[in-house]
Amino acid sequence: PDELDEADHRALKQAAQSGGLYCRIPTSGAPTCTKLGVSVPWASVWQDGDIPPLGTDPRSFIAYFEFAGGSALSNLVKWKAEVWGCNNDPNINKSAVIVVRNGGLSLENGAMINGALLLDGEFKYAGTVTFNGTIIAKSFTVSGNSTFSIDPCWVQNMPGPFLEITPQHWAEIDR
């Protein structure tokens with residue numbers, strides 16, 4: 001889909017508020033954030049120590065950032081945290097769904113994510129990042145030397161409570 005509907009947003013927001021990372025960024029005043037339901041400060045760049053520990057079902061990790069106003073193409077969250085390691089064993093698999101409502105996401109140099117990025121605004125990165133999964137965004141600005149993929153492990157272990165995919169076939173288009 002090119003965007004999430006209201007039911008998708010409600011489900012992801014509730015999952016983030018109860019078992020992930022949720023932030024509401026107002027047009028004026030300080031952002032309010034919770035991690036696993038407990039208040040935490042806003043981070044100018046989200047890093048490893050800022051995200052919830054991956055629990056018994058790592059595929060359920062959701063980060064949801066909600067901008068109350070402004071432009072989706074100018075509101076931005078910066079992310080450097082590592083959520084990495086696709087594995088068919090659910091006890092080892094690590095993935096995340098990161099949603100930015102009315103905004104975009106910048107992956108900072110060194111970020112490693114296995115998961116899905118669902119953005120109302122811009123996806124961008126500079127430097128070296130590693131991403132395995134899917135990205136839905138209004139625009140893309142890319143520069144640097146990074147690795148983007150979507151592999152069979154990701155397809156078999158889709159992150160998130162509402163995503164589902166059925167592989168029809170795999171093909172090599174270019175050699």
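The legends below describe close-up views of a predicted model. Local features require pLDDT of at least 70 and side-chain atom pairs pLDDT 80 or more, whereas totals for chains, interfaces and linings use all residues. Residues are numbered from 1 along each chain as its sequence is written, and side-chain values use heavy atoms, with hydrogens and water left out.

**View A. Arg 101 in strand β7.** Arg 101 belongs to strand β7, residues 96-101; strands are DSSP runs (E, at least two residues) numbered from the N terminus. Its relative accessible area of 21% makes Arg 101 partly exposed, a class lying between buried (under 20%) and exposed (over 50%), computed with a 1.4 Å probe on protein chains only.

**View B. Surroundings of Arg 101.** Residues up to four places away in sequence aside, Arg 101 touches Glu 6, His 9, Tyr 64, Phe 65, Glu 66, Phe 67 and Asp 120 (contact: heavy atoms within 4.5 Å). The C-alpha atoms of Arg 101 and Arg 24 are separated by 9.5 Å, with the two residues 77 apart along the chain.

View C. Strands β1 (residues 21-25) and β2 (residues 32-35) run antiparallel and are joined by four bridges; pairing requires at least two DSSP bridges between two strands. Leu 21 stands opposite Lys 35 of β2. Six residues separate the strands of this hairpin, and Gly 29 in the turn has a positive phi of about 95 degrees.

**View D. The β2-β3 hairpin.** Three bridges link β2 to the antiparallel strand β3, residues 38-40. Cys 33 has Val 40 in β3 as its bridge partner. Two residues lie between β2 and β3, and Leu 36 in the turn shows a positive phi of about 55 degrees.
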